[in-house]
Amino acid sequence: MEKIIELLEYNNVKMHPCSNSDVDAIEEKCRGKLPGEYVKFLKVTGRGADHYMEGSSWIFDELDSLQTEAALLLKENGFRPLPPSSFVFWMHQG
């Protein structure tokens, strides 16, 4: 995670962090603790980072819809649903 953050800083990417309360809200919704490296990522870039990962859904404001979209995508393609304790944190279109 440090390497990604260093690269973004080196390239002067404006990063928008999640607050502690944002992280707490995510953990409450997924009913568990998030991995430490992911929390670190959220606290640096969780609300966006200019064009970083453009075309992907991963920022705080998209996390709720990712849970629904992932379930629909799996169902539409004939896959088993994710376990109830799963947490989708990234999706890419196309």
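Read from the N terminus, the elements of the protein follow the order α-α-α-β-α-β, which amounts to four helices and two strands. Both kinds of element are DSSP runs numbered from the N terminus, a helix being H or I over at least four residues and a strand being E over at least two. This is a predicted model, in which local features need pLDDT of at least 70 and side-chain atom pairs count only at pLDDT 80 or more, while totals for chains, interfaces and linings use all residues. Residues are numbered from 1 along each chain as its sequence is written, and side-chain values use heavy atoms, with hydrogens and water left out.

Taken along the principal axes, the box filled by the C-alpha atoms of the protein is roughly 45 × 30 × 20 Å. Of the 94 residues in the protein, 30% are buried, where buried means under 20% relative accessible area, exposed means over 50%, and partly exposed lies in between (1.4 Å probe, protein chains only). Among contacts (heavy atoms within 4.5 Å) in the protein between residues at least 6 apart in sequence, 60% join residues at least 24 apart.

In soluble globular proteins, nonpolar side chains tend to be buried together. A nonpolar core is a set of buried Ala, Val, Leu, Ile, Met, Phe, Trp, Tyr and Cys residues joined through side-chain atoms within 4.5 Å. Here the largest such core has 20 residues, and Val 23, Ile 26, Leu 34, Tyr 38 and Leu 42 have the most contacts inside it. Two or more residues are given to this core by each of α2 (20-29), α3 and α4 (63-76), and the largest share, four residues, comes from α3. Leaving aside neighbours within four places in sequence, Val 23 is in contact with Cys 18, Leu 34, Val 39, Leu 42 and Lys 43.

What is found where helix α3 (residues 36-45) includes Thr 45? Thr 45 lies in that helix and is buried, with a relative accessible area of 0%. Beyond its neighbours within four places in sequence, Thr 45 is in contact with Leu 8, Met 15, His 16, Pro 17 and Trp 58.

The structure also holds four aromatic pairs. Rings of Phe, Tyr and Trp (its six-membered ring) pair if their centres lie within 6.5 Å, and planes under 30 degrees apart count as stacked, over 60 as edge-to-face and the rest as tilted. The rings of Tyr 38 and Phe 89 have their centres 5.4 Å apart and their planes at 55°, so this pair is tilted. The pair links distant parts of the chain, since Tyr 38 is in helix α3 and Phe 89 is in the loop between α4 and β2 (91-92), 51 residues apart. Tyr 38 is buried, at 12% relative accessible area, whereas Phe 89 counts as partly exposed, at 46% relative accessibility. Ring pairs join Tyr 38, Phe 87 and Phe 89 into a cluster.The largest pocket has a volume of about 340 Å³, a volume being the space filled by probe spheres set on grid points joined across faces, edges and corners. On a 1 Å grid over the protein atoms alone, a pocket is an open set of points where a 1.4 Å probe fits, with protein on both sides within 12 Å along at least five of seven lines, and lining residues have an atom within 4 Å of a point. α4 gives the most to this lining, with six residues.

Finally, Asn 12 has a positive phi near 55°, as does Asp 50 at about 45°.
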